[in-house]
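Subject: Structure for your files

Dear colleague,

Please find the structure below, followed by my notes on what was found in it.

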Amino acid sequence: MVDHRAADVLQIKNLRIEATAYPPGEPPRHLVLVDGVSVSLAKGRVLGLIGESGAGKSTIGLAAMSYGRGGVRLSGGEVLLNGRDIRTANAQGLRALRGREVTYVAQSAAAAFNPAKRLMEQVIETALLHKVMPRAEAEARAVELFRKLGLPNPESFGNRYPHQVSGGQLQRAMTAMALCPKPDLVIFDEPTTALDVTTQIDVLAAIKEAIHDTGVAAIYITHDLAVVAQVADDIMVLRHGKTVEYGTTDHIINTPSEAYTQALVSVRSIDHTEKTATTPVLRAEAITARYRGTDFDVLKNVTVDVAAGQTLAIVGESGSGKSTLARVITGLLPAAAGRIDFAGRQLSPDLANRSKDDLRELQMIYQMADTAMNPRQTVGTIIGRPLEFYFGLKGAEKRARIQDLLDQIEMGKGFENRYPAELSGGQKQRVCIARALAAKPRLIICDEVTSALDPLVADGILKLLLDLQAKEGVAYLFITHDLATVKAIADKIAVMYRGQVVRYGQKSEVLAPPFDDYTDLLLSSVPEMKLGWLESVLASRKMESAGN
Amino acid sequence: MVIHPILKLVVQRIVLGLILLLAVSFVIFLGVQILPGDAAQAILGQSATPEALANLRSQLGLNEPALVRYFTWLGHALHGDLGKALTNGQDISHDIGQRLGNTLFLAVCAGVIAVPLAITLGLIAARYNGRWPDKLISGVTLATISLPEFVAAYFVIFLLTQVVHLFQPVSMVFPGMSFFAKLHAVALPVIVLVMVVLAHMMRMTRAAILNVMQSAYIETAELKGLSPMQVIWRPALPNAIAPIISVVVINMAYLVVGVVVVEVVFSYNALGQYLVDHVAKRDLPVVQAVGIIFAAVYIGLNILADLIGIISNPRLRHPK
């Protein structure tokens, strides 16, 4: 256990957080979000909070500012900031310390910055509001922080608006904003989760250095244990709002005592051996594509093929053209040049000219299962639609087939009449898989289908996809930015960088040295679950990410 | 040469507005043409002899094809000459000029009070969303907008001239009146108009602010320690300005072109009354002229709303 010390910046004792949910058409439900959590954090130390979504980690992070989202109540225990209990402080007292003694870095800096104001105004706003320093001094400090965080042109960076800088830069700017008023404690709420793996590593290093140099205490919230292992001194593992394990980073990573922590540490346990290449079901040849009204080729001379019943993984950072390739193959964005052969015939570049069979045999699953389903349709209607549309199934026959598909995605009975809102994230993605399968496709394009899911849930989805491939013989074109996912599912890999395929071949070839510089960067940027990884990898890097 | 996208959009909007105005002028001209009878008939009355009609028609140029007459009219209109009224032979441009001044005076007086008041009330309602100040403001403004204008007008007249003897029930203004005398004269119609336009603008302000309040950057502001009113003022309002402006401008346009009833009730000599008078007398050139003026005001104000909306968007103002 970690000792409680009187000089701690933050002490949370036996915290209990509750909320009331109001599901439509049902009586209000009482929820306990966090129960019996105790934390202590000294100056200059970093505490990592880790767990799946719904574990209560963000809720605890915000509780350190005595802030509850929506109707969330901090109903019991103590939150001591610099020795004062802030849980019961009044609104005015809280305003005086928020942004002054404790600041916050949000997950999506792109959404957390006010789009209507220049970055400098926002970065120094707290310092001025709380009269920490005069404007000139605050601006000088902001420039200094921009420089420390490795932002380009630190002198003029603050003159830009949020939409004018990249996601990785915004995340650093948000860190500068949090550090500017010289707080005692900074809450980092998944600051690198939305970033590419190659960008994440730079931001992570910048944040780590900034924490170290300014000597603040920090809470670092993430679902990625490998990431938190790089920055935290102590780690608390949370599940369902309760502490599973709390100890030093070394202890949690190397000698975890709880079964749940061990599962987190050893996640990505799928062992997939690649199949030998067979005849391709899809061949995209010399594809060049651009968006309407632009004169920039998003895809340049891309050639890939997908073997029948196997998986081609397309990997690259955002902006590399992976999703555009999917749009070209599905016909949503007709290619400017090149040809697509599918199941022995040439596909029309434009969706409108494709036959019903072309459409049926080529299905898609999306990253956000939430937005890919009509929220007002039941699971049965969603899965039944392709059955009706492609096969004309009706009545009992259709219902039997729906149940069949539900069994295939391991959801069983009782889901047919549920709405998407009543399902968990993993279940929603399973329903999307069933909907794609219902069309009996030869190829399914999976666009970042596990990116929005917790690691353990994502693993379940990957296992399901592999099982279905073995049973149904369907091929996957699997788009992802996550190399661990690639290793788990691919037979063949295409690495994309700025619209071109820079490395292509069977999995064993692509992932074996010697590497080209970009693949090396990509592979080496995947956080590893060991202490000191960040420093060692930064020391040996050869090139910069395109996102910087 | 790289043209700033804002400039491009501004020019685009203005050109579109002019094309639209041209189309509207044609529709107005056409509408007046398809009415039974023509100007000569209207001047001479039902009992006119065919010879007299034919004479007058050739005198007025009515025998020319419609298209030619349209372009002649348009050409004169572009030079500021809207023709002469049939009923009294007065120069229409001159008459309109005088009354347009009165119309704008009333609209500006009402706008100067209504816009800041509506936005302030909207901000307060958003700040206390769902609590009593919100309910009070929403309720009262809903009541004022629900009253037909003439009912509201008579109610205000009764209250402020009979119960409390503050104002005159008619709002006569004439050239040479002092500014303050004019203000005093238009007080009652201004009060009525403020009541009518307040609710729409206030509700849009409230809704736009509440919509923005869902954004992540509002949470950022709260976690910076900003007070609720500071949160509404700094991050919320600048991002909600576009929809608010568009509703404000629509209401301004209404104050210029849609207040006939109020003008009539208070005997206020402005464009609306002028139009109604001449519709009753079938004075087609006047109807045509006032129609085109109203259309121009409406289109102009809407372009203005569009432009402010565009300019308030930092993505367009400062491209990557």
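A salt bridge is taken here as a side-chain nitrogen of Lys or Arg within 4 Å of a carboxyl oxygen of Asp or Glu. This is a predicted model, in which local features need pLDDT of at least 70 and side-chain atom pairs count only at pLDDT 80 or more, whereas totals for chains, interfaces and linings use all residues. Residues are numbered from 1 along each chain as its sequence is written, chains are lettered from A and ligands numbered from 1 in the order in which they are written, and side-chain values use heavy atoms, with hydrogens and water left out.

By the salt-bridge rule the count over all chains is 33. One of these joins the side chains of Asp35(A) and Arg16(A), at 3.1 Å from N to O. Asp35(A) belongs to strand β2 (residues 29–41) of chain A and Arg16(A) to strand β1 (residues 10–21) of chain A, so this pair ties together parts that are 19 residues apart in sequence. Helices (H or I, at least four residues) and strands (E, at least two) are DSSP runs, numbered from the N terminus.

Two backbone details in chain A may interest you. Pro513(A) and Pro514(A) are joined by a cis peptide bond, with omega about 0 degrees, and Pro514(A) is placed in the loop between α19 (507–510) and α20 (517–525) of chain A. Asn301(A), a residue other than glycine, has a positive phi, near 50 degrees, and its place is in strand β12 (residues 299–307) of chain A.

Chain B has 14 helices and zero strands, and its C-alpha atoms fill a box of roughly 85 × 65 × 35 Å, taken along the principal axes.

As for the interface, 22 residues of chain B and 26 residues of chain A take part in the contact, where contact means heavy atoms within 4.5 Å. Chain B and chain A bury about 2200 Å² between them, 57% of it on carbon and sulfur atoms; buried area is the accessible area (1.4 Å probe) that two parts lose on being put together, summed over both. Three salt bridges are counted between chain B and chain A, and the side chains of Arg234(B) and Glu125(A) also meet in a salt bridge, at 3.0 Å from N to O. On the side of chain B that touches chain A, the elements that give two or more residues are α9 (216–223), α10 (228–257) and α14 (314–317) of chain B.

Within chain B, Phe26(B), Phe29(B), Tyr70(B), Phe71(B) and Trp73(B) form one aromatic cluster. Rings of Phe, Tyr and Trp (its six-membered ring) pair if their centres lie within 6.5 Å, and planes under 30 degrees apart count as stacked, over 60 as edge-to-face and the rest as tilted. Over all chains this rule gives eleven aromatic pairs.
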